[in-house]
Amino acid sequence: IMDEPYQYGTYFGYVEKSARPETSVFRFKAFDPDTTSKLTYEIVQGDKNLFHLSSDGTLTTHSNQQLLSPTYNLTVRAIDLNSQVLSMSRSNEAH
């Protein structure tokens, strides 16, 4: 049972269209005040072919794709290893 409701938000990051592969775009950081367990992160909606999200919350451009659209929207989930889930939204703008 979750004592505290999860919170979510919309976050914006920017990356140049000409960014080199594996350029850092954003770092997600979530916490669960009810536990000290480790959280991991995953992209649940959006273009996983263009972005990579490491288990520590670091979002980078994918190693072999070029950014063509001016805006990308991703939904990221933080997963508590005790099976509690926190969700966050992410909007990336490529310039």
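What percentage of the 95 residues in the protein is buried? Buried residues make up 33%, where buried means under 20% relative accessible area, exposed over 50%, and partly exposed in between, with a 1.4 Å probe and protein chains only.

Hi everyone, a quick word on the model before the details. It is a predicted one, where local features need pLDDT of at least 70 and side-chain atom pairs count only at pLDDT 80 or more, while totals for chains, interfaces and linings use all residues. Residues are numbered from 1 along each chain as its sequence is written, and side-chain values use heavy atoms, with hydrogens and water left out.

Now the fold. The protein has 0 helices and 7 strands; these are DSSP runs numbered from the N terminus, with helices being H or I of at least four residues and strands E of at least two.

On to the charged pairs. There are 2 salt bridges in the structure, each a side-chain nitrogen of Lys or Arg within 4 Å of a carboxyl oxygen of Asp or Glu.

One joins Asp 56 and Arg 27, at 4.0 Å from N to O. Asp 56 sits in the loop between strand 4 (51–53) and strand 5 (58–61), and Arg 27 lies in strand 2 (residues 24–27), 29 residues apart. Asp 56 is partly exposed at 37% relative accessibility, and Arg 27 is partly exposed at 49%.

Glu 42 pairs with Arg 77, with 2.9 Å between the closest N and O atoms. Here strand 3 (residues 39–45) supplies Glu 42 and strand 6 (residues 71–80) supplies Arg 77, 35 residues apart. Glu 42 is partly exposed, with a relative accessible area of 30%, and Arg 77 is partly exposed at 28%.
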